[in-house]
Amino acid sequence: MLILDFYYIVPVVSVLCGLWVFVSKRKHLLNTLLSLEYIMLSIFWIMSLHLANMGHESYFVLFFLTLAACEGALGLALLVSVVRTHGNDCFSSFSVLQC
């Protein structure tokens, strides 16, 4: 049982590192999107380890991976739209008064 707990330490630390980068590095939109993708990959890793240890099917993990890919595509579309309208992805260049 101790060996199984050791396998969960690395993905949990990965999630925490991704959350730390998401909270602390908020200067560029690309950095926040990359940290969100890293968090999704770490959660995918945790879920696949957990379901493999319990002996269940991995259909839910594939569904989660599909949703993570859709989230990445939407984030990339948002990034392209922001760069086309504002010229860069810095949050400091955005204005609340500008549409």
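Trainee: How many helices and how many strands does the protein chain have?

Mentor: In this predicted model, the protein chain has three helices and zero strands. Read along the sequence, the pattern is α-α-α.

Trainee: Why is L16 called exposed?

Mentor: Exposed means over 50% relative accessible area. L16 has a relative accessible area of 52%, so L16 is called exposed. The residue lies in helix 1, which covers residues 2-24.

Trainee: Which separation do the C-alpha atoms of L16 and I39 have?

Mentor: They are separated by 8.2 Å, and the two residues are 23 apart along the chain.

Trainee: How does the span of helix 3 compare with the span expected at 1.5 Å a residue?

Mentor: The expected span is 1.5 Å times one less than the number of residues. Helix 3, residues 59-86, has 28 residues, and the expected value is 40 Å. From its first C-alpha to its last, helix 3 reaches 40 Å, which is close to that expectation.

Trainee: Which residues of helix 3 are buried, and what do they pack against?

Mentor: V61, F64, A68, G75, L79 and V82 are buried. The word applies because each is under 20% relative accessible area. The buried residues of helix 3 pack against helix 2, residues 29-54.

Trainee: What follows helix 3?

Mentor: G87 follows, and its phi is positive, near 95°.

Trainee: Where does UniProt place the feature "transmembrane region"?

Mentor: The unreviewed UniProt entry places that feature at residues 6-23, 35-53 and 59-83. In the model, the chain over residues 6-23 is 100% helix and 0% strand, with end C-alpha atoms 26 Å apart. Over residues 59-83 the chain is 100% helix and 0% strand, and the end C-alpha atoms are 36 Å apart.

Trainee: What share of the contacts with a separation of 6 or more comes from residues 24 or more positions apart?

Mentor: Such residues account for 59% of those contacts in the protein chain.

Methods: Residues are numbered from 1 along each chain as its sequence is written. This is a predicted model: local features need pLDDT of at least 70, side-chain atom pairs count only at pLDDT 80 or more; totals for chains, interfaces and linings use all residues. Side-chain values use heavy atoms; hydrogens and water are left out. Helices (H or I, at least four residues) and strands (E, at least two) are DSSP runs, numbered from the N terminus. Buried means under 20% relative accessible area, exposed over 50%, partly exposed in between (1.4 Å probe, protein chains only). Contact means heavy atoms within 4.5 Å. UniProt positions are given in the numbering used here, feature names are shortened, and annotations may be inferred rather than shown by experiment.
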